[in-house]
Amino acid sequence: MSSDPWGRVDETGTVYVRTAEGEKVVGSWQAGSPEEALAYFTRKYDGLVVEIGLLERRVRTTDLSAKDAQAAIAHLREQVDAHHAVGDLDALRVRLDALAKTVEERREERKAKKAQANEEAKAAKEALVAEAEELAQSEQWRAAGDKLRALVDRWKGLPRLDRKTDDELWHRFSHARSAFSKRRKQHFAHLDAQREEARKRKEKLVQEAQALSSSRDWGPTAAKYRDLMQEWKAAGRAQREHEDDLWQRFRGAQDVFFQARSEVFAERDAEQRENLTLKEELAVEAEKLLPVTDLKSARSAFRSLNERWDAIGHVPREAKPKIEGRMHAVERAIQEAEEAEWRRTNPEARARAEGLTGQLQEAADKLRRQIEQARAAGNTAKAEKLEKELEGRQQLLDQAMKGLEEFGG
C-alpha cells in the first residue's frame with residue numbers, strides 16, 4: 001500500500017483521496033505501481049487547479065458573462081465532486097464557492113449598472129421627446145428643423161429600453177417630428193400661394209408703371225408713382241426667381257418718367273434761381289422802408305413792390321420760406337404802424353382811457369383823505385389797510401396814465 005498527505009492506494013489497487021468528510025474512492029489502478037497511480041491522479045488535481053485559476057483570471061480581467069462563468073464553475077465543481085483527483089479538493093471547493101460569490105456580486109453590480117444606465121437612457125429619451133414636442137410648435141422652420149434632425153442623431157446614440165417603454169417614447173418623438181413637418185409644409189404651401197398672389201399683383205403694378213412712364217403731367221403722375229410704390233411694398237415678395245425681374249421692370253418705368261421730369265425741372269430751376277435774385281433785390285428795397293416814419297408813403301411804396309414781386313414768378317422751393325419771410329416782416333411792421341396810428345387817433349378809445357383815468361384818480365384821492373382821517377383819529381390799523389388798497393389802486397392808475405400817453409398826452 002502507498003500513500004501521500006491527500007491520498008493512498010490499497011493492496012487491491014483502489015485509489016483514495018482524503019477530504020473533510022473522510023476518504024473518497026478516486027478510482028482503480030492496475031497498470032502500474034501505487035506511486036504511479038498517485039502521481040497520475042495528482043496530475044489530474046493539478047489540472048483542476050490550473051483550470052480554476054484560469055477561470056478566476058477570466059472572471060477578474062474580462063467581461064465574461066455571469067451565465068457563462070456560472071456554467072464553467074458548475075462544470076469544475078462536478079469534476080471536483082466526482083473525486084477523480086488526488087489533492088486538497090476541499091480547498092478547490094472553497095475557491096469555487098468564492099468564485100461563485102464573486103460572479104454573483106459581479107452579476108448584481110452589472111444588473112445595477114444596467115438598471116441605472118436604463119434609467120439614464122429613459123430620462124435622456126424623455127428629455128429628447130419633451131424638446132421635440134416643444135420644437136413641434138416652433139415657427140423657426142430652419143432652426144427647429146436642424147434641431148430636430150440633431151435630436152434624431154442623439155436618439156440613435158442612446159441604448160434601447162424595454163420594448164414597451166421604448167416604443168411609447170419613440171411614438172411621441174416621431175409624432176412631434178411629423179407634426180412639425182406637417183405645419184412646416186402647410187406654412188410653405190401658404191407662403192407659396194402668397195408669393196404667387198404677390199407676383200400677379202406686382203405684374204399689374206409693372207404694367208401701370210409702364211403706362212405712366214410717358215406722362216408729362218408731372219405732379220399727379222409723381223403722386224401716382226408714390227401710390228404705386230406703397231402698393232408694391234404692401235404686396236409682399238414674389239418668388240425669388242420673379243422678384244428681381246419684376247422690380248427691374250417696375251423701377252425702369254419710373255426711371256423713364258423721372259428722368260424726363262428731371263430734365264424739365266432743370267430748366268425750370270434755372271429760371272427760378274433767376275427769379276430768386278430779382279426777389280432778393282425787391283426784399284432789400286422793402287427793408288429800406290423800415291422803421292416806418294411816413295406811414296402813407298411806406299404803404300404806397302410797399303404796395304408797388306408787392307405788385308412787382310407777384311409778377312416775377314416762382315423761386316426754388318428751398319429758398320421760398322426765407323425770401324417770403326423777409327417781405328412778410330416788412331408787411332407786419334407796416335401793419336403794426338397802422339394799428340398804432342389808429343389807436344392814437346381813435347377819439348372813442350381816447351375818451352374811454354380819459355374816463356378810466358379820471359375814475360381811478362378820484363378813487364385814489366378819496367383813499368388818501370380817508371387815510372388822513374384814520375390817522376387823525378388814531379386808527380392805525382384802518383390807515384394801514386387803506387394804504388394797501390391805495391397801493392393797488394395807484395398801480396392801476398399808473399397803467400391807465402401810460403395808456404393815455406399813447407394817444408398823445
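Residues are numbered from 1 along each chain as its sequence is written, and side-chain values use heavy atoms, with hydrogens and water left out. In this predicted model, local features need pLDDT of at least 70 and side-chain atom pairs count only at pLDDT 80 or more, while totals for chains, interfaces and linings use all residues. Helices (H or I, at least four residues) and strands (E, at least two) are DSSP runs, numbered from the N terminus.

The largest nonpolar core has 26 residues. A nonpolar core is a set of buried Ala, Val, Leu, Ile, Met, Phe, Trp, Tyr and Cys residues joined through side-chain atoms within 4.5 Å. Buried means under 20% relative accessible area, exposed means over 50%, and partly exposed lies in between (1.4 Å probe, protein chains only). V15, L55, V59, L89 and L92 have the most contacts inside this core. At least two core residues come from each of β3 (14-19), α1, α2 (66-81) and α3 (89-135). Helix α1 gives the largest share, 8 residues. A second, separate core has 17 residues, among them L128, V129, A132 and L148.

Helix α1 (34-61) packs against α3 at an angle of about 15 degrees, and their axes are 11 Å apart. Axes are lines fitted to C-alpha atoms, for helices over the stretch in contact, and angles run from 0 to 180 degrees between N-to-C directions. The angle makes α1 roughly parallel to α3. Angles under 35 degrees count as roughly parallel, over 145 as roughly antiparallel, 65 to 115 as roughly perpendicular and the rest as oblique. The crossing of α1 past α3 is left-handed. A crossing is left-handed if the near helix is turned anticlockwise from the far one by less than a right angle, and right-handed if clockwise. On the α1 side, the contact (heavy atoms within 4.5 Å) includes Y45, L48, V49 and I52. On the α3 side, L89, L92, R95 and L96 are among the residues taking part.

Helix α2 also packs against α1, at an angle of about 165 degrees and with the axes 11 Å apart. These two helices are therefore roughly antiparallel. Their crossing is left-handed. L48, E51, I52, L55 and V59 of α1 meet A69, A72, I73, L76, Q79 and V80 of α2.

Helix α3 has 47 residues and reaches 67 Å from its first C-alpha to its last. This is close to the 69 Å expected at 1.5 Å a residue. The expected span is 1.5 Å times one less than the number of residues in the helix. Buried residues of α3 include L89, R93, V103, K125 and L135. The buried residues of α3 pack against β3, α1, α2, α4 (141-156) and α5 (163-212). Leaving aside neighbours within four places in sequence, L89 is in contact with V17, Y45, V80 and H83.

Helix α5 has 50 residues. From first C-alpha to last, α5 reaches 72 Å, close to the expected 74 Å. Among its buried residues are T165, D166, F173, F180 and K202. The buried residues of α5 pack against α3, α4, α6 (218-235) and α7 (240-287).

Q254 lies in α7 and counts as buried at 5% relative accessibility. Beyond its neighbours within four places in sequence, Q254 is in contact with Y225 and M229. K279 is also found in helix α7, and it counts as buried at 7% relative accessibility. With neighbours within four places set aside, K279 is in contact with W309, I312, G313, V315 and I323.

Some loop residues follow. A31 sits in the loop between β4 (22-28) and α1. A31 is exposed, because its relative accessible area is 73%. A31 and R142 are 111 residues apart in sequence and 88 Å apart in space, C-alpha to C-alpha. H83 lies in the loop between α2 and α3 and counts as buried at 15% relative accessibility. Most residues other than glycine have a negative phi, and most peptide bonds are trans. H83 is not a glycine, yet has a positive phi of about 55 degrees. The peptide bond from L290 to P291 is cis, with omega near -10 degrees. P291 is placed in the loop between α7 and α8 (295-312).
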